[in-house]
There are 2 protein chains.
Amino acid sequence: MSARTALHTDRYELTMLDAALRDGTADRRCVFEVFARRLSGGRRFGVVAGTGRLLSLLRDFRFGDEELRFLRDERVVGASTLDYLADYRFTGTISGYREGELYFPGSPILEIEGTFAEAVLLETLALSVLNHDSAVATAAARMSIAAGDRPLAEMGSRRAGEQSALAAARAAYIAGFGATSNLAAGLRWGIPTMGTAAHSWTLLHDTEEEAFRSQVAALGPGTTLLVDTYDIPTGVETAVRVAGPDLGGVRIDSGDLPTVAAQVRELLDDLGATKTRITVTSDLDEFAIAALAASPVDAYGVGTSVVTGSGTPTAGMVYKLVARQDSDGGWVSVAKRSADKASAGGRKAAFRTLDDGAATSELIVVSDGFEKIADAASHPSARGLHVPLVVGGEIDEAAEGPAGVATARAHHLRVREELPVRGLALSRSEPAIPTVFAEAG
Amino acid sequence: MSARTALHTDRYELTMLDAALRDGTADRRCVFEVFARRLSGGRRFGVVAGTGRLLSLLRDFRFGDEELRFLRDERVVGASTLDYLADYRFTGTISGYREGELYFPGSPILEIEGTFAEAVLLETLALSVLNHDSAVATAAARMSIAAGDRPLAEMGSRRAGEQSALAAARAAYIAGFGATSNLAAGLRWGIPTMGTAAHSWTLLHDTEEEAFRSQVAALGPGTTLLVDTYDIPTGVETAVRVAGPDLGGVRIDSGDLPTVAAQVRELLDDLGATKTRITVTSDLDEFAIAALAASPVDAYGVGTSVVTGSGTPTAGMVYKLVARQDSDGGWVSVAKRSADKASAGGRKAAFRTLDDGAATSELIVVSDGFEKIADAASHPSARGLHVPLVVGGEIDEAAEGPAGVATARAHHLRVREELPVRGLALSRSEPAIPTVFAEAG
């Protein structure tokens, strides 16, 4: 299949383009905005993720022969639109929140400026990437907070679509996980990879002891042995007998983890394996991790819950037209007024106001028409949140690839420190800080 | 990035392979099984989806220079394992449930037979595809049942990772949806595509009327106009004034849908647009669809809930070793005994027993060791559920591509008719039929 991404698009974007090319509005300059009306799942903050991936996919947002032939054969658009698409390349400007940044209801996470024609086509791709990756990153950040200093590994590839698994490994790493089991994520973005062994490894061998001996022979006594295939105390004893007291770790993937972890720790200590680490991996989410805070657990492996956003698999962001030129070339703010779904029109600037390093509000300054908005200089205790991502069609390469991931992770861990204490709790509640809309002076 | 899929793999699969090549167990023939311990979310049945995609991805499950270099540089495996991987190609046999088939707790959905070395590597890829696609298909089937004869379109691409969106469109279509908004799914699998217009279309124009005029000029009066950008009654009046009473449809994307649909139907009828169809699209799931059964709604567009599995974003299938050769070449059944996660060892055959066309049980016959199991002939009222998918490494081409999707959809719609009435209800409950394990005679 083509690596081009231009058909990761809902059909209506193409038919609107087709009609706009006919009626002359296709060239009107527009500002579209990506934002979330609320934080799904009663979360206290959201984490922006996917930006770097989106920029890479934008590079490949071209219509080749295969795509054009399909659109023609299916009569999605007419001949002049096909001509337009054949030369399509986004030439506008995109600014937005840094990847890894926190967001709140109404935060203008991404701002896309271009002609209607070029900007309307990016709705589905932008939302697919940001909604998925941000949902995972938000869940991952909560788990990372719950885990404190104990390392977290993402092991959920098998519970997500094979490509979303890769994106999830990336998003979890940005939000504070330390490693992933997914090798493709290691190759693509330099994320550290890790792994232990599966139950099939023990079952393949005639005895558990043979399986452990073989694993230690191959990977050394510092490896982590999975001890719950049959009986956990027997598994632990066998593991220490085979690897010696320098056994690196044991993994437990079943049972009531607080109880089992305490028993295993006591047994390991009795056997002299006082430095052997305990990794637990059974259906953990942020609540289970928090509940293990007082248990002798050394590391967590998280699967299903992180890759599925722990109950909130999509971030609920939308892509809305907020300003456009009219037929005279002047700018007008626009917004729909649908019941329960009204939007705030106008181009926006965004700041996080701070008091002694702690965030106090998400300050969103709405422009009057299309004036340049006074920047952070007029808000001495605020941090400006928008950075340029695409300027005149030129994509910021620094946001892509392994370097972009590393930058996003560092940024996330830094700005997370700004959260007020009430932002760290796991229960459902209001956002950690209020969103304040202000008109530009 | 490489189209090869071999690194969509958890690291432990490679390290187990490495250790197995060292200790001589890599060549032991093994049978792995994909099954679900329970139906997540209290569902009454599951729908198998993703099989055709998995077979296509299996074709590309090769280790090229890029993958091998990564595994070497990261010291994931040793030199002799790299040599093995360079020539890797699955040469074993896979049989399983037809795509579109129903499944129940313990159903042996996929059976992979090969050496430990070749079969252990497929765990993550197989589960990623089947868990995601089956979760979507299961949710979609419930929506399709709730919608009855009214058409359903999948419009959720923006709420799923960009590649999972494509897979979700495919899975929803297999489970009874009639169309998707996702153009890539149309190109790749021949799924019918559809679309209306976005709120940005109305906002782009100086008035709602201009937007409607332009859309009707481009797409004809048979198009569907989105009438809720400002005020719904005004939008409906404008729509009929512009398009005439032959207006194809109106779309409503907000408000209390039963109330609004009734008002809009009355208004349309008063305006003489008695054949204009009403499509609703706001946050629908199977429960909302069922609640609209008595409302004058003609079609449903479903987004978030279908692509995220309507509360159950992953199917919870696992990949377990169930039988293997021992050092003498004899077959032994194996199973782990972990608390709450015990498995049934042994190769299995699966039948759906029927009484007058209605399913009565999922009959799973466990072989004694590795004997060929008596087939459906000995169960006159049962339907055998396993079909060959890969034989000696040769992939069944008929299961891939558009033809495979069409076959899966037809199969699903046919076997869904076998569900007993209690299987059609939406509330959380026990599986529609019991799973019965029997020993082979």
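Start with the salt bridges: a search of the whole structure turns up 54 of them over all chains, counting a side-chain nitrogen of Lys or Arg within 4 Å of a carboxyl oxygen of Asp or Glu. You're looking at a predicted model, where local features need pLDDT of at least 70 and side-chain atom pairs count only at pLDDT 80 or more, while totals for chains, interfaces and linings use all residues. Residues are numbered from 1 along each chain as its sequence is written, chains are lettered from A and ligands numbered from 1 in the order in which they are written, and side-chain values use heavy atoms, with hydrogens and water left out.

Now select A:Arg28 and B:Asp206. They form a salt bridge, with the closest N and O atoms 3.2 Å apart. A:Arg28 sits in the loop between helix 1 (11-23) and strand 1 (29-36) of chain A, and B:Asp206 in the loop between helix 9 (199-204) and helix 10 (208-219) of chain B, so this pair joins two chains. (Helices, H or I of at least four residues, and strands, E of at least two, are DSSP runs numbered from the N terminus.)

Stay at the boundary of the two chains. The rule finds 12 salt bridges across the interface of chain B and chain A. Pick B:Arg158 and A:Glu13 for another one, at 3.9 Å from N to O. Next, colour helix 1 (residues 11-23) of chain B: its 10 residues are the largest share of the side of chain B that touches chain A.

How many residues are in contact? Select 94 residues of chain B and 94 residues of chain A, with contact meaning heavy atoms within 4.5 Å. The area buried between chain B and chain A is about 7900 Å², and carbon and sulfur atoms give 59% of that. (Buried area is the accessible area, with a 1.4 Å probe, that two parts lose on being put together, summed over both.) Highlight B:Arg158, B:Glu162 and B:Leu183, which supply 11% of the area chain B buries against chain A, more than any other three residues.

Finally, zoom out and superpose the chains. Chain B can be laid on chain A with an RMSD of 0.0 Å by a turn of 180° and a shift of 0.0 Å along the axis, fitting by least squares on the C-alpha atoms of residues with pLDDT of at least 70 in both. The two copies are thus related as by a two-fold rotation axis.
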